[in-house]
Amino acid sequence: MLKVNSNYQKLPGSYLFSTIAKKVAAFSKANPDKEIIRLGIGDVTQPLPPSVIEALHKAVDEQAAAESFKGYAPDLGYDFLRERIAECDYRSRGCDISSDEIFVSDGAKSDSGSIQELFDTDNIIAVTDPVYPVYVDSNVMAGRCGTYDEKTGCWSDIVYMPATAENGFVPALPETLPGVIYLCFPNNPTGTTLTLSQLQVFVDYANQNGSVIIYDAAYEAYISEEDVPHSIYECEGAKGCAIEIRSFSKNAGFTGLRLGFTVIPRELKVSGVSLHDMWTRRHGTRFNGAPYIVQRAGEAVYSKAGQSEIRNMIKKYMDNAAILRNGLKDMGYEVYGGVNAPYIWLKTPEGMSSWEFFDHLLNNACVVGTPGSGFGPSGEGYFRLTAFGTEANSKKALERISRL
């Protein structure tokens, strides 16, 4: 008899942001006259940079002529984009990453969810807590997480590395030896970071114990402090233990275009097996390449004009972050993040749970954020606001919250 993948049935409820969307839709239906300010989902609001738009138009025109038409993209991405990534994102920072170690994809979320396919389901995984939900959910779907305890919010077979105010949001090394360690810095959702020496501790641990680090650097473009690494490959020995995932969504506004990439060094092997070769095989089987016009748009991001334009875009979002961070602090909230990432992580007031505070803000201020408990057990009692809205809405949200 045909059977479904029963691991899907283990997932608690719906995906975090789907639950938020349903709550907001119900509120809007009941209160059609009320304006909702959405600072929950980390979607961008600024238009695409002019250099990107120009590259898109040019690439579309190329598709109209037989001599310049492009069909299927190369599985791993066009060389013109992979070489720009290798030079601008890695070699310019002293990281010895070559273009043939870069795999272009349709976004970091896809790769974050799929990268676990490289590892046997018997492997133990460790995650920072709180953490981006895709890491955990994709491993649950693969049957790697055991059973879920609704009371604690924990999976029995996951090793949690709490990152809270009590430890300065620097997770301790796993108490149980994992095969795979997920790290995301600057962190989503807390907006906090590790210094180079703090990240080196994890690299050394992985190399000593034969673990592999999955490093999500989707927000590296927002780093403003000197001693915060933009890539895990700035750490000594990282090429032997780490896979890095990046995105064009937040640095260049590609949430609607979809473009990202994963770096797997050739020297990264598990029991003598090359993960680079495995991912090459998987990519060729499961993926037909990001669209040509989108990859040309990605190339434009690395032009002199493109770099200037995305810096201006990032500044606008980080100005919003400063507005939210400083305004909430002035109101007496305990606030973190907002310096090296476009996320504000605040302690819920008066002992409210994360979802209670969500409902409180929605019902009384018409402001939408994200409950911290949706990111893991250590997120309970915290709340995330994004700086990806407009300046006007950031200020209006603060004004509404101040009246509560």
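A: Happy to! The expected span of a helix is 1.5 Å times one less than its number of residues. Helices (H or I, at least four residues) and strands (E, at least two) are DSSP runs, numbered from the N terminus. This is a predicted model, in which local features need pLDDT of at least 70 and side-chain atom pairs count only at pLDDT 80 or more, while totals for chains, interfaces and linings use all residues. Residues are numbered from 1 along each chain as its sequence is written, and side-chain values use heavy atoms, leaving out hydrogens and water.

Let's begin with helix H10, residues 304–330. Its 27 residues should span 39 Å at 1.5 Å a residue, and the end C-alpha atoms are 39 Å apart, which agrees. Among the H10 residues that are buried are Gly-306, Ile-310, Tyr-317, Asn-320, Arg-325 and Leu-328; buried means under 20% relative accessible area, exposed over 50%, and partly exposed in between (1.4 Å probe, protein chains only). Just after H10, Gly-332 has a positive phi of about 100°.

Now for strand S17, residues 382–386. Here 5 of the 5 residues are buried, so the strand is largely enclosed by the rest of the structure. One side carries Tyr-382, Arg-384 and Thr-386, the other Phe-383 and Leu-385. In a regular strand, side chains alternate between the two faces of the sheet.

S17 also has partners, where pairing requires that DSSP finds at least two bridges between two strands. S14 (residues 343–347) runs antiparallel to S17 over 5 bridges, with Tyr-343 bridged to Thr-386. S16 (residues 370–371) is joined to S17 by 2 bridges, also antiparallel, and Thr-370 has Arg-384 as its bridge partner.
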